[in-house]
Each structure stands twice: as C-alpha cells, then as structure tokens.
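Open the model in the viewer and keep the selection tool at hand. The tour starts at the ligand and then moves to a pair of rings.

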Amino acid sequence: MTEDGVGARLQPGTGTVSIGEVLRLSTEHLAAKGSDTPRLDAERLLAKAIGLERIELYTAFDRPLTQPELAAARELVARRARREPLQYVLGEWGFRHLTLTVDRRALIPRPETEILVERALALVAGLERPRVLDVGTGSGAIALAIADERPGAVVTGLDSSEDALGLAAENVARTGLAVELAVHDLFEGLPDGPWDLVVSNPPYVDAADLAGLQPEVREWEPHGALSAEGAVEAVARGAVAVLAPGGALVVEVGAGQTDATAALFHELGFAEVRMTRDLAGHDRVVEGRRT
Ligand SMILES: C[S@@+](CC[C@H](N)C(=O)[O-])C[C@H]1O[C@@H](n2cnc3c(N)ncnc32)[C@H](O)[C@@H]1O
C-alpha cells in the first residue's frame with residue numbers, strides 16, 4: 001500500500017481493477033488508518049466517486065473501473081484516510097427527512113440531535129404558527145427540520161459564526177424552506193421574541209475534553225461549535241427573557257450534564273422540566289416551559 005492513498009493497484013494507469021477489488025483494498029487501507037467503519041466508508045466513497053447508489057455496487061462487483069473513476073475514488077479514500085469525517089468528504093449528510101450540505105464551516109448534524117428535533121416538534125404541537133428560535137444553528141439542521149416537519153412554523157436560526165451562517169444559507173436555498181438567519185452572539189442575550197420555542201444544541205464539550213476526542217472531531221470540526229464555556233446557561237437565562245408565557249425551551253447537552261441543566265431550569269422558574277434519552281440510553285435533551 002502506498003502512504004498517501006489506496007495502494008499501488010489503485011494508481012491510475014496500472015491496469016484494470018474491479019469494483020469489488022477497489023472495495024477490498026479501500027476497506028483494508030481505511031481500517032489501517034483507524035476508521036471505525038472502513039467497509040461502510042469504502043462503499044459510500046466509491047459510490048460517490050462513480051455516481052452509483054451504494055446498493056448498486058453489489059450488482060456490479062466485477063465491473064472494471066475506468067481510469068477517471070479510479071482517480072476519483074482514490075482521491076476520496078485518501079481524504080478519508082487522513083481522518084477527514086466521511087460526511088465532509090461526501091459533502092452532504094442526511095438529517096431527519098433532509099439532505100444537507102456539510103463542510104468544515106459547521107458541525108456535522110448528529111443522530112442525537114434528531115431527538116432534540118422530535119421534542120421541539122412535540123413542544124409546539126397544537127400551535128398554529130409557532131415562532132421558533134434555533135440558537136447556534138450551524139448548518140441550519142434543526143431550524144430546517146422544524147420548518148420542514150411543522151408547516152406554519154416561523155423559524156429563525158442564529159449563530160455567531162459567519163462561516164456557519166454561510167453554510168446554513170446554502171442549506172436554506174438547497175431545501176427551499178423558509179428559515180430566517182441572523183448573526184447573533186448568544187452571550188449577549190437572545191433576540192426579542194416573543195418566541196413560542198427556543199431550541200438549542202449549544203457547544204457543550206468541556207474544553208479540557210477536546211484533546212481526547214476522535215481525530216475526525218478534534219482536527220476537522222470547528223472548535224467554536226464544540227466548546228464554549230457557559231453556553232448552555234447563557235441560552236437558558238436568555239430564553240427566560242424572550243419566551244412567550246407558556247413557551248418552551250429545549251436543549252441538547254452532554255451525557256452527564258442533564259442533572260445540572262435540569263436544576264438550572266428549575267432555578268430559572270421553568271415548569272414541566274423533563275429529560276429525554278438518546279439512542280445510547282443517556283439522558284441528553286432537557287426541556288421546560290416558561291410559566
Ligand atoms: C454544537 S453546534 C450545533 C450546530 C447545529 N445546531 C447542529 O445541531 O448540528 C453549536 C453552534 O453554536 C454556535 N455558537 C458558538 N458560540 C456561539 C455564540 N457565542 N453565539 C451564537 N452561536 C454560537 C457555533 O458556531 C455552532 O454552530
């Protein structure tokens with residue numbers, strides 16, 4: 001295997017190689033470079049490189065790749081081998097019912113955040129035109145999913161990162177959903193509402209824990225999206241001031257931070273404080289209603 005790519009057999013110009021063989025070599029290479037999901041990565045990257053659905057690879061195992069296809073596959077696998085997240089290499093990722101553009105400008109939307117969206121939708125059930133504020137919108141994932149799944153919702157996403165908002169704007173255009181975007185620093189309070197729902201997946205990783213994260217996260221995702229001391233508390237305090245009476249706040253926090261967050265919600269006068277678990281069974285989402 002060569003250092004920088006998928007190996008000598010995959011170098012353009014060295015004879016034909018089949019889809020099955022590329023998958024085998026790519027999987028071995030990515031496993032050696034530390035990917036937790038080398039086969040899945042190899043399939044998704046090859047499918048993208050040659051313009052097939054992943055499932056179609058299986059009915060074309062013996063088909064030889066053309067030289068341009070091989071070169072494209074090699075480049076994508078080389079990127080992933082440098083531990084660039086699969087999502088960034090693919091350039092798009094699914095969140096709820098949407099496919100969103102993802103790149104280094106913002107955090108990759110996570111499966112646990114889909115649960116946050118579920119709770120957000122439940123909290124505005126029954127309102128005809130709920131006014132929703134997504135604090136730290138990043139790629140726009142939460143705001144867009146709510147706009148998509150809750151017709152009638154009037155949704156604003158804010159972020160302090162111009163880069164993230166640029167990506168969110170591309171996702172607004174890509175999905176055609178009506179979400180307003182604003183530059184705003186959550187540490188300066190939240191924009192005047194009144195809002196029926198404030199939803200947030202704020203940066204909640206302890207700065208001391210950043211060094212221990214997987215290279216995909218530590219070296220590729222924006223640190224300002226991962227960690228900002230006091231962000232959860234700032235969102236909660238800000239929400240009290242701008243929520244309509246009966247309006248709800250729902251936040252995602254780190255596993256292990258939910259008890260302190262629920263205590264803060266009680267201290268701030270929220271009622272109906274409740275926690276929801278993620279798919280791994282950890283309490284992850286905390287919600288409450290302004291009385
Ligand atoms: C954990 S990411 C969440 C992104 C997206 N909502 C999601 O769930 O995939 C946190 C977001 O908060 C933003 N952020 C960090 N500090 C902020 C601040 N002081 N004010 C507003 N947004 C901030 C980051 O730029 C980032 O987009």
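Select Thr137 and the ligand: a polar backbone atom of Thr137 is 3.3 Å from a ligand nitrogen, a polar contact (a pair of N or O atoms within 3.5 Å). This is a predicted model, in which local features need pLDDT of at least 70, side-chain atom pairs count only at pLDDT 80 or more, and totals for chains, interfaces and linings use all residues. Residues are numbered from 1 along each chain as its sequence is written, and side-chain values use heavy atoms, with hydrogens and water left out.

Next, select Ser160, where a backbone N or O atom lies 3.2 Å from a nitrogen atom of the ligand. At Leu186, a polar backbone atom is 2.8 Å from a ligand nitrogen. Taken alone, the ligand exposes 600 Å², and the protein buries 94% of that (Shrake-Rupley method, 1.4 Å probe).

Finally, select Phe265 and Phe270. Their rings form a tilted aromatic pair, 5.2 Å centre to centre with 35° between the planes (centres within 6.5 Å; under 30 degrees is stacked, over 60 edge-to-face, the rest tilted). Phe265 is buried at 0% relative accessible area, and Phe270 is buried at 5% (buried means under 20%, with a 1.4 Å probe and protein chains only).

Definitions and conventions. Phe/Tyr/Trp six-rings, centres within 6.5 Å; stacked < 30°, edge-to-face > 60°. Buried < 20%, exposed > 50% of the residue type's maximum accessible area, 1.4 Å probe, protein only. Polar contact = N/O pair within 3.5 Å; in protein donor to acceptor, adjacent residues only side chain to side chain.
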